[in-house]
Amino acid sequence: MNTSDQAPGPSSPVPSGVTGATTETHIAIPAPVRAGTRAPVSGRALAGLSLAALGVVYGDIGTSPLYALKECFSGTHSIPLTRDNVLGVLSLIFWSLNFVVSFKYLLMVMRADNRGEGGILALLALVRPKDAGGKRARWILVSLGLFGAALLYGDGVITPAISVLGAVEGLSIATPFFETKVWWITVIILIGVFAFQKRGTERVGRIFGPIMIVWFSCIAILGLRGIIQNPSVLYAASPLYALRFFENDGLQGFLVLGSVVLVVTGGEALYADMGHFGKRPIRLAWFSMVLPALVLNYFGQGALLIENPSLKSNPFYALVPGWALYPMVIIATLAAVVASQALISGAFSLTRQAVQLGYCPRVTIRHTSYTEAGQIYIPEVNAALMVACVGLVAGFRTAGNLAAAYGIAVTGTMTITTILFYVVARELWGWNRFKIGALAALFLIVDLAFLGANVVKITDGGWFPIVVAIGIYTLMTTWKRGRELLSWIMEEISLPIEFFLNDIAKRLATRVPGTAVFMTSNAGGAPPVLLHHVKHNKVLHERVILMSVRSEEIPAVPEMERMEMVDLGQGFFAVTARYGFMETPDVPAALRSLHSKGLGFRTMETTFYLGRETLILNEKSKPRDSSEEPGRWLPRWRRRLFVVMARNAQSATAFFQLPPNRVVEMGAQIQF
């Protein structure tokens, strides 16, 4: 799959001479091997990674006690606060944490790693239907995966807003003075969080883990304080209370699942961050600290509500002694900032994956760490998230109002992950159809129950993540289809490289010292920018490199497989650089790796030629003739959208990290 976004402009073809064979020498450029998966760790290294995972992975799910239980008894579809209902809800929370997070994600889904990387796009890249209807099946699965990824953007917008709002609302418990000021204090904090992104997470990454240790320790202690008041709340660990709850409350009990799901909102983040820390550290952090702390706090809140139902408006802060309220608000706010940081960084990573897989235009990717490749900053995404978060806070004002918008994104992504996991386990791993089918059915029963309970909240705010997901899905699929259509157009106007070389041998003898690198998305043809150059300048460098950048459906390409070179003769070389979807292309660095095979490369003696196409909208809305493939056209509105996206994409010079003072761009107009 070639996803280079460099599409050269067209020119009048150079008259071709007699065809003839060219001498080709394929050379694979070896380099030190880089493992595709993380090596097993133990001892201090395992403890260090577990601490880091605590600070990054568990920020989202770790701050759920601020609002989750409260929504069950005072939210949009709340239930009466009785002892039986409290025990029933606590039982649902206990088993949701253990089934969805512990069993589904940590023990099962995390097995589906793409060379150590996780997340819905990494899972999507593993999908390979084998049956005769594979193309149609793959299209359906790809569409599901892309929509799940789009839903994660909605999650990335809501999580910072609801987490910080839930933390700051503690101020209104301390004094009525802050009741009308909570939302704008939240806005100030969020603006500060997004403004800090350009500095990167490296500077604060070391304190994320300790902050979350303090947070989980505090909520565990607070939970114990509540449980001591009413130890009978521990009976809720029995699943019988959950079953009895549904039996007694019927439809109302089912709808409360829309609030219960808030306790597992970080499940997808566990999977997405697997590549940063590995499976063992994430699992160790969960079972040793996160799960016990969450269970203790939820049970402590439940015990408090049984003793004093009037505290249902904010049971989390009701657990806090008066003297510790302000310190706890500060700790909760810091934990919410950590949760926000994790989702924002996840949106950056997801965007880079989408760019490399060809579903997003080029964006500005800035690396904020010299040691960690995954720490990146994307200004365009950061600005969009900030505007959306601030708008959400200003529009919804309270964490309770935002909770209605939260569940749809989470449950939709959970359901899609289950479907993709089934396909990978069945087609890639060869698991027994009935066994994996039974397991996937069990997962889907839970996922669809949560999703169904959230559907009724669409009018209360659940529409927001759906609108965001539809918008992003439309942009991603439009860009992918538009690039394919543009690639077909460029192939039609390109010249086979064999014809070009034969013509050069007969008609063009003038060669000048130096190296010319022509970026091309079609390795089998002479790029139009090369044809333009020859037509207008009547000269060629003594060494010409036709450079293609390919993106593979794996997280990282081993260095020994990175480069491929073909000697075309007459001083021409076809070079292909391959990158994974978690990597950022660096063309000068890739060319420097060719030194060992005799293709010396000096940046200051090299000129990079890029084609910059100006897309002219074709007014036709249907294929040119009945024989044309129906896939080779787009509706007018989608072509117009693609043109707008193309005009606002980052320049190829910056994206491929080319030296600006060594780049020559040649433009052309293309009917699109």
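Analyst: A residue counts as buried here when its relative accessible area is under 20%, as exposed when that area is over 50%, and as partly exposed in between. With that cut-off in hand, let us start with a pair involving Glu169. This is a predicted model, and a search of the whole structure finds nine salt bridges. One of them joins Glu169 to Lys70, with 3.3 Å between the closest N and O atoms. Glu169 sits in the loop between H6 and helix H7 (170-174), while Lys70 belongs to helix H3 (residues 68-74), so the bridge ties together parts that lie 99 residues apart in sequence. Glu169 has a relative accessibility of 10%, so it counts as buried. Lys70 is at 8% and therefore counts as buried too.

Next comes the bridge between Lys104 and Asp447, whose closest N and O atoms are 2.9 Å apart. Lys104 is in helix H4 and Asp447 in helix H19 (residues 433-455), so distant parts of the chain, 343 residues apart, are linked. Both ends are again buried: Lys104 has 1% relative accessibility, and Asp447 has 1% as well.

The pair of Lys279 and Asp113 has another setting. Here the closest N and O atoms are 3.4 Å apart. Lys279 is partly exposed, because its relative accessible area is 27%. Asp113, at 22%, is likewise partly exposed. As background, side chains of opposite charge can pair when their charged atoms come close. Elsewhere, Arg550, Glu552 and Arg578 are linked in a network of salt bridges.

What about the nonpolar surroundings? The largest nonpolar core has 181 residues, and Tyr58, Leu97 and Met547 touch the most other members. Helix H6 (residues 134-168) is its biggest contributor, giving 16 residues. Beyond its neighbours within four places in sequence, Met547 is in contact with residues including Val517, Phe518, Met563, Val575 and Leu591. A second, separate core has 21 residues, among them Ile497, Ala516, Val529 and Leu546.

Ile221, in helix H9 (residues 202-229), is exposed, because its relative accessible area is 58%. Its C-alpha atom is 9.8 Å from that of Val320, which is 99 residues away along the chain. The search of the whole structure finds zero disulfides.

The chain averages a pLDDT of 81, and 87% of the residues score at least 70. Helix H4 (residues 83-108) has the highest confidence, at a mean of 95, whereas strand E1 (residues 25-29) has the lowest, at 36. Over residues 1-37 the pLDDT stays under 50, although the model has 125 contacts beyond four places in sequence for them. Residues 623-628 are also below 50, with three contacts beyond near neighbours in sequence. Where pLDDT is low, the predicted coordinates should not be read in detail.

Methods. Residues are numbered from 1 along each chain as its sequence is written. This is a predicted model: local features need pLDDT of at least 70, side-chain atom pairs count only at pLDDT 80 or more; totals for chains, interfaces and linings use all residues. Side-chain values use heavy atoms; hydrogens and water are left out. A disulfide is a pair of cysteine sulfur atoms within 2.5 Å. A nonpolar core is a set of buried Ala, Val, Leu, Ile, Met, Phe, Trp, Tyr and Cys residues joined through side-chain atoms within 4.5 Å. Buried means under 20% relative accessible area, exposed over 50%, partly exposed in between (1.4 Å probe, protein chains only). Helices (H or I, at least four residues) and strands (E, at least two) are DSSP runs, numbered from the N terminus. Contact means heavy atoms within 4.5 Å. pLDDT is the predictor's confidence in each residue, from 0 to 100. A salt bridge is a side-chain nitrogen of Lys or Arg within 4 Å of a carboxyl oxygen of Asp or Glu.
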